[in-house]
Amino acid sequence: EVAGTVEAVGDKVTKFQPGDRVVSLSSLGAYAQKVGADESTVLKLPKAMSAEDACALMCGYGTSHHALKQRGQLQSGETLCVLGASGATGVAAVQIGKAMGAKVIAVASTDAKRDIAREAGADIVLGYDNLKDELKEATGGKGVDVAFDPVGGEAFDVLSRSMAWNGRLLVIGFASGTIPKLPTNLTLVKGYSLVGVFWGAFTQKEPAVYAGNIEELFAWYLDGKIKPVIEGVYPLADAGVVLQRVLSRGAAGKIILRP
């Protein structure tokens with residue numbers, strides 16, 4: 001994600017002009033002072049939205065919103081379990097889950113990270129130790145309606161045994177470094193679905209739906225229903241150090257680089 005002020009536009013650009021505040025998605029090249037972007041990837045920023053918050057909203061919140069709305073079909077009153085609940089997508093899932101009316105159970109690895117999830121609005125905050133028993137207690141034995149898993153590994157194994165009837169287990173990523181294997185008999189006897197979430201492909205294959213999602217996210221932001229958690233803003237020169245922290249799962253919330 002990259003945000004800033006338009007300096008120049010091409011001859012065929014009709015939606016933007018120099019001076020506009022915008023945000024854009026870029027697969028490469030965003031770690032720079034100046035960036036070129038295709039008009040189709042650019043959005044105007046509301047006056048009340050900072051460039052930092054816009055960058056935090058686009059991918060992290062965009063992924064979580066698509067996951068819970070289109071893929072998980074989360075309904076008001078359902079129970080949502082979010083793994084990695086202090087990370088960029090995890091915090092977003094907690095806030096979006098609350099905006100959609102769910103009871104949110106957040107799971108994070110340390111006290112500091114659990115505090116972030118709690119501040120984001122989680123109803124119940126848990127660690128990974130004894131997670132299966134604690135999820136059973138937290139749901140009254142019913143299980144989880146929607147599970148948001150960007151972690152994988154052993155935590156996925158716990159979720160696969162903790163789903164409610166008609167539940168939806170969302171595969172977001174594998175931050176643990178381990179891609180788990182699912183005993184498919186569990187989906188049969190427990191009657192739940194395993195659902196993959198690939199936000200990048202979604203934005204390309206369903207651009208109109210994606211545009212509607214961003215519109216809803218911006219509206220929620222302006223209404224105060226969601227607020228990106230930004231761990232810190234660092235100079236572009238520190239990109240290598242910051243990325244190493246992200247890769248080692250040491251970051252909480254979104255990290256912003258400023259040229």
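## Second largest pocket

The lining of the second largest pocket divides into five nonpolar, four polar and two charged residues. In this classing, Ala, Val, Leu, Ile, Met, Phe, Trp, Tyr, Cys and Pro are nonpolar, Asp, Glu, Lys and Arg are charged, and the others, Gly among them, are polar. The lining residues are Ser-109, Tyr-128, Leu-131, Val-151, Gly-152, Gly-153, Glu-154, Ala-155, Val-158, Ser-176 and Arg-249. Helix 5 (residues 153-160) gives the largest share of this lining, four residues. Helices (H or I, at least four residues) and strands (E, at least two) are DSSP runs, numbered from the N terminus.

The volume of this pocket is about 190 Å³. On a 1 Å grid over the protein atoms alone, a pocket is an open set of points with protein on both sides within 12 Å along at least five of seven lines, while a cavity is a set where a 1.4 Å probe fits but cannot get out; lining residues have an atom within 4 Å of a point. Points are joined across faces, edges and corners, and a volume is the space filled by probe spheres set on them.

## Basis of the model

The model is predicted: local features need pLDDT of at least 70, side-chain atom pairs count only at pLDDT 80 or more, and totals for chains, interfaces and linings use all residues. Residues are numbered from 1 along each chain as its sequence is written, and side-chain values use heavy atoms, with hydrogens and water left out.

## Cavity

One cavity of 30 Å³ or more is present. The largest cavity holds about 40 Å³ of space, and its lining consists of Ala-56, Tyr-61, Ala-88, Val-91, Pro-228, Val-229, Gly-253 and Lys-254. By class, these are six nonpolar, one polar and one charged residues. Helix 1 (51-71) and helix 2 (88-99) each supply at least two residues of the lining.

## Two buried residues

Ser-162 sits in the loop between helix 5 and strand 8 (163-171). Ser-162 has a relative accessible area of 8%, so it counts as buried (under 20%; exposed is over 50%, partly exposed in between; 1.4 Å probe, protein chains only). The Ser-162 side chain reaches the backbone oxygen of Val-158 at 2.8 Å. Leaving out residues up to four places away in sequence, Ser-162 touches Lys-132, Leu-135, Gly-143, Val-144 and Lys-190 (contact means heavy atoms within 4.5 Å).

Asp-149 belongs to strand 7 (residues 144-149). Asp-149 is buried because its relative accessibility is 2%. With residues up to four places away in sequence not counted, Asp-149 touches Leu-83, Phe-156, Leu-159, Leu-169, Leu-170, Val-171, Ile-172 and Gly-173.

How values were computed
A polar contact is a pair of N or O atoms within 3.5 Å; within protein, one must be able to donate a hydrogen and the other to accept it, and residues adjacent in sequence count only if both atoms are side-chain atoms.
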